[in-house]
Each structure stands twice: as structure tokens, then as C-alpha cells.
Amino acid sequence: MNAVLTTVNRVLTALVGLVLLALGGVVLAVGFDAPMPSWWLHRGPHDVLLSDAERTRWQDAGWWWPVVIAALAVLLLLALWWLVAVVRRRRLTEVLVDTGDGEGATLRGRALEDVLAGEAERVDGVEGAGVRLTGRRDAPAARIRLLLAPHVDPGTALHDLTARALTHARTSANLPSLPAEVHLRGVKHGAERVS
């Protein structure tokens, strides 16, 4: 389903880009006084976009400007929603597992995330862990956040995470590799009293 949405998004973006490019080219051609067809709205470089009659047609109508502003606001919100949907990273819903018999199987991405987080929390000095899978279903990658206790060495915790949790997840899902981006953060704690 994700591939279909990506294809639709690319096709719609290309169509909008072509329409805007064509309109820009026509406006540029009118500006350079190129001959236009008889049905075209503007005749030459000195023609205005909106005449006085067109601009003042609904000037006395109290509903006109609120409707125009509301329509533009809705268009702006839709454009922002589309931009956020395109830019944000989506969570991987399933991982393709090679079973060795040529058939393959799928593993829920959320299940692998939960197992990785559980094993990461069992590493000495890790107070909490969060895991998110990204990438493609045949080549997943992990984004891991670890909350470390004040006394733990970050290098040791990272080594234990890669040697245990990530290696176990990679071998159990029969993945050739499982690249990971790990963010380490320390637990906030009060100052200890020295006596």
C-alpha cells in the first residue's frame, strides 16, 4: 500500500508541476508580446490581470472577503498537511524474513520494535528504551533511544546493546544487516550529598 501512495504522490506532484510550468510559460510569453489564441484571457504585456470591473464586482457584498480568506486558509492548511505527510518518516509496519525455502515470511514491525526495546532495557544501566524501525521491509534500520542511569558508561552500554539486542534481532529475523542510529540520554538526577 505504501508503494501505491508513493506513486500517486509522485504523479500528482508531477502533474501540478507541469501545470504550473505551463501557466508560467504562457504568462512569460504574454509578457514578451507573443501571439495568443483568441480565447485566451490576456492579449499583451500591458493587459491587467483583473480589470476594475472584475476587482470591484463584489466589493459591496459582505460575504466576499471572508469566503476568499477562508478558501485560501483551507488551501494553505491542505498544502501544509501534504508537506508534513511527505517529509515525515513513517514507521515500518512489517519486515520481510527470509525463511530459506524461497517463500519468505513477514514479521510485524511493532513486534520487532517491542522485542528490541525489551532487550535494550535489560542492558545494565539502561533505564528506558524506545525503538522505531524505518527503511524498507527487506532492508530495515532501527532508530533507538536509550535513557541511561547516571553511573553507566555510555560506550559500555552501546557495546552491550549492539552485541546483545541488535545482534539477536538481526539473527532471529535472518537479516543480512540491521543498521541502527542510537541516541543516548542520561537520567536527570539530584546532586548526591557528600559527607
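The model is predicted, so local features need pLDDT of at least 70 and side-chain atom pairs count only at pLDDT 80 or more, while totals for chains, interfaces and linings use all residues. Residues are numbered from 1 along each chain as its sequence is written, and side-chain values use heavy atoms, with hydrogens and water left out.

Let's start with charges. Side chains of opposite charge can pair when their charged atoms come close. A search of the whole structure finds three salt bridges (a side-chain nitrogen of Lys or Arg within 4 Å of a carboxyl oxygen of Asp or Glu). One of them joins R137 and E94, at 2.3 Å from N to O. This pair links distant parts of the chain, with R137 in the loop between β3 (126–136) and β4 (139–148) and E94 in strand β1 (residues 94–97), 43 residues apart. Helices (H or I, at least four residues) and strands (E, at least two) are DSSP runs numbered from the N terminus. R137 is partly exposed at 37% relative accessibility; the term covers values between buried, under 20% relative accessible area, and exposed, over 50% (1.4 Å probe, protein chains only). E94 is partly exposed too, at 28%.

R136 pairs with D138, their closest N and O atoms being 3.2 Å apart. Here R136 counts as exposed at 53%, whereas D138 is partly exposed at 43%. In another bridge, E181 meets R143 with 3.8 Å between the closest N and O atoms. That pair also connects distant parts of the chain: E181 lies in strand β5 and R143 in strand β4, 38 residues apart.

Now turn to helix α3 (residues 64–87), which holds L78. L78 is partly exposed, with a relative accessible area of 48%. This leucine belongs to a nonpolar surface patch of about 1,200 Å², whose other members include L72, W81, W82 and V87. Such patches take residues with over 30% relative accessible area and no salt bridge, joining nonpolar side chains (Val, Leu, Ile, Met, Phe, Trp, Tyr) within 5 Å and like charges within 9 Å.

Finally, the backbone. Most residues other than glycine have a negative phi, and most peptide bonds are trans. D33, not a glycine, has a positive phi of about 65 degrees. D33 sits in the loop between α1 (2–31) and α2 (52–55) and is exposed, at 52%. N174 likewise has a positive phi, near 55 degrees, and is found in the loop between α5 (154–172) and β5 (180–186).

Terms used
Areas by Shrake-Rupley, 256 points an atom, 1.4 Å probe, with all protein chains shown as cover.
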